[in-house]
Structures are given as C-alpha cells and as structure tokens.
Amino acid sequence: MSVPSEADGEPPSVDARELDELVRSGEPFTLLDVRDRDEFEAWHVDGPGVSASQVPHVKFVQAQVTGDVDSLVGDDPVEPIVAVCGHGEASAHAAEILVDAGYDARNLAGGMDAWARLLVAREVEGASGTVVQYDRPSSGCLSYMIVDGNEAAVVDPLRAFAERYVADASERGVDLRYAIDTHVHADHVSGVRAVAAASDAEPVLPERARERGLAYDARPLADGESLELGDTTIEAVATPGHTTEMTTLVAADTLFTGDGLFVDGVARPDLEEGDEGAAELAGELYDTIQKRLLTYPDGMVVAPGHRDDETPRADDGTVTATLGTVRERVDALSLTRDEFVDSVLADLPPQPNEYERIIETNLGRETLDDDTAFEVELGPNNCAAR
C-alpha cells in the first residue's frame, strides 16, 4: 500500500480502495477503531492479516494530556497502524497523535462511510465472454455485469451503486437490457428498480417472488425460462433452499448462484420463514445442490452473491471458482441429506441487520429514502451457513 503525501498539519491517510488492497494482500497490520464499542462490535474492518481493536477517541484526547500513547496500542503493535472512525475526523486526530509518538500510523480518509461506499470491479478471467464482478468490501456483497455485443445485464445490483452500473455500461458503449435479482435479498437493498429507472433496463425477478408478495412490476422469470442478451442465452434454474424463489442464472460457462452456493460454503435457510421453516428449506437446499447444481460440468465457473473476509479468491482476484473446486472445498457437499440439514441448522450466523425491513423494501411493500436505505444495510451480510 502506498502512503499518500502528508498535507500540512494532517497525518498520512489512505483511502478506502487502498485499505481494501492492504486487507486483500494478507499483510499484517493493526487497525484501531475509535468509534464506540457497540459500533465496533456491530461492524468493523476485518481480514486475515488485520489485528483490529477498539479504543475510544476520548482516550486519545486524554493521552494528549498524560503522554501515555503506548498503552493505547499495546505491546509491539504490528505497523502500519490504520485509525478508523465513522467519517474520518476523530480518527485523523488519533492518527496524528500516533504519528507524533513515533508510530507508522495513517488515517482512513472518509472513515467507515467511505468504506461502505467502495465498490471494486474486476473482470472474471475464467468466464467465457465478458463478466464483471463488483465486490463491496464492507459487506461482502457481490454483483455482476454480463456483457455481450452492445448489450449488458446486471445481476443482483445494489441500490447504493445503481448509478455506477449505469455509468460503467455507458463507458463500455453498451445498453443495459436487464436488471436481475436472483432472489429477494435480505442483507442489502436491491438496485433492480433504481437501475431500471436510470436506464432502459427491464427489471427481472424470479417468478416465485410473486408468492412472497412482490408489490411492483417486474418481468417474472420461471424455472427453465431464458433471457436473450446479444448472442448469450441466460437460463433460469430454480434452486430453492436459501429462499423459496432462489434462482441460479446460467450464462455460457458461468453459474450465477446468488446465495444458494458459495465458493466456500452453502446458504442459510432461515431468513424467509424463520426457524420454523428452516429445516424444510435446508432439505430443499440439499436437493438443489445435489440434483441441480452439481450436475453441471466441473469446469463451470461459480459466481456467488456473497463472500466473507476469509473467502479464497481466484488468480484474477475475483471471488469465483470452478464447480469442481467448490465440490472439493465444501465438506457439506459430501454429506447425506440428514447430515447436511443438521450441519446447516447447527451453524447459523447472526441474522443480517434489519433484514425483515430490507426484505419488505425489496418486495416493494416498504419505501426507504436513499439515506435510510444505505444505513439499514450496513454491516456483514451473514447469508451463508459456514
């Protein structure tokens, strides 16, 4: 990670993209979060090389008086030290104090707000044709753009970045024809309608979303139906388990699996019907994986809807893997049906923040302004059962 030049009176800083590069490198460093404890515990920057801890900003204010800065970072902290807060102001003060004390410290410019607004695009080199994966590091949400000829489709777009997808399509000189959700998301506010409103894209949702109470107009896509995009056919394959309407999109040699199958795990089955319906959906998830997804050739590329901080990446930096690699990597795929259900139900993470409100919004039954929509989806996605 490069260190930007220091402005007069300000500590060195890194932007959100540079922090993402540092996290992905796996190089060890210390992250000091100066927000309140509850904010830190709810959501903070993490990764394999990150030593993250929370030290409230007030302690840095006190350290200016006492001179006891060393106690704030502990014994032999791994440098660099990146100071983080909500918007980058309190952490800039903390970083300045650390630099004055002789530490290699820098501030996350814009704070967690900037971190949440970062979306990184990478082309999937293992896919035939042009497939762009969009990675939101703050939550692990993954979305896609499929390009063929002068047409494109976005898959699982995020509302917070609707203008980004439209701008990227324009930069490529292609028209957005479809904005598609693989299911009714519970961890982020869908961008399907926002992308459609900002372009000529047609909003598309799985046909069974109607059964969940979809309250806005969208093209229904049923099992076995397809969408034409240039010379590419995008086929819908019903893959229930995470939700009843969960659908995998098959385009050439790529499986856009949404939240049904990840490159290192399987979906959680409890976000639609709660604990009461989780066992039944877990059984459906097993059938989906064994009888539908795993019947495709091992060379197919799995392009999932989410990742976590330790999810392995392909050589091109994307969160993708061949189906054969996923088959070998995910132990749950070799279990019997009963073992699979028991394993999934025993390993459920905390539910995503405000997931019920997000679901209602994505069904069109609740309306959120842009600021509120951005706030309710902050934090980890927690859509996988690991």
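Here are a few friendly notes on ring contacts and one hairpin in this predicted model.

1. Let's begin with the aromatic pairs, of which the whole structure holds 3. In one of them, the ring centres of tyrosine 144 and phenylalanine 256 are 5.2 Å apart; their planes meet at 75°, over the 60 degrees required, so this pair counts as edge-to-face.

2. Tyrosine 144 belongs to strand S8 (residues 141-148) and phenylalanine 256 to strand S16 (residues 254-258), so their contact ties together parts 112 residues apart in sequence. Both tyrosine 144 and phenylalanine 256 are buried.

3. Rings also meet charges here. Arginine 117 places its charged end over the ring of phenylalanine 374, 4.0 Å from the ring centre. Another case is arginine 193, which lies over the face of tyrosine 216 at 4.2 Å from the centre of that ring.

4. Now to strand S6 (residues 120-123).

5. Strand S7 (residues 130-136) runs antiparallel to S6, and 4 bridges join them. Across the pairing, glutamate 123 stands opposite valine 132 of S7.

6. Finally, the turn: S6 and S7 make a hairpin with 6 residues between the strands. Glycine 129, in that turn, has a positive phi of about 80°.

Note on methods
Residues numbered from 1 in each chain as written. Predicted model: local features only at pLDDT ≥ 70, side-chain atom pairs only at ≥ 80, totals over all residues. Heavy atoms only, no water. Phe/Tyr/Trp six-rings, centres within 6.5 Å; stacked < 30°, edge-to-face > 60°. Helix = DSSP H or I, 4+ residues; strand = E, 2+ residues; numbered from the N terminus. Buried < 20%, exposed > 50% of the residue type's maximum accessible area, 1.4 Å probe, protein only. Lys NZ or Arg CZ within 6 Å of the ring centre and 35° of its normal. Pairing = 2+ DSSP bridges.
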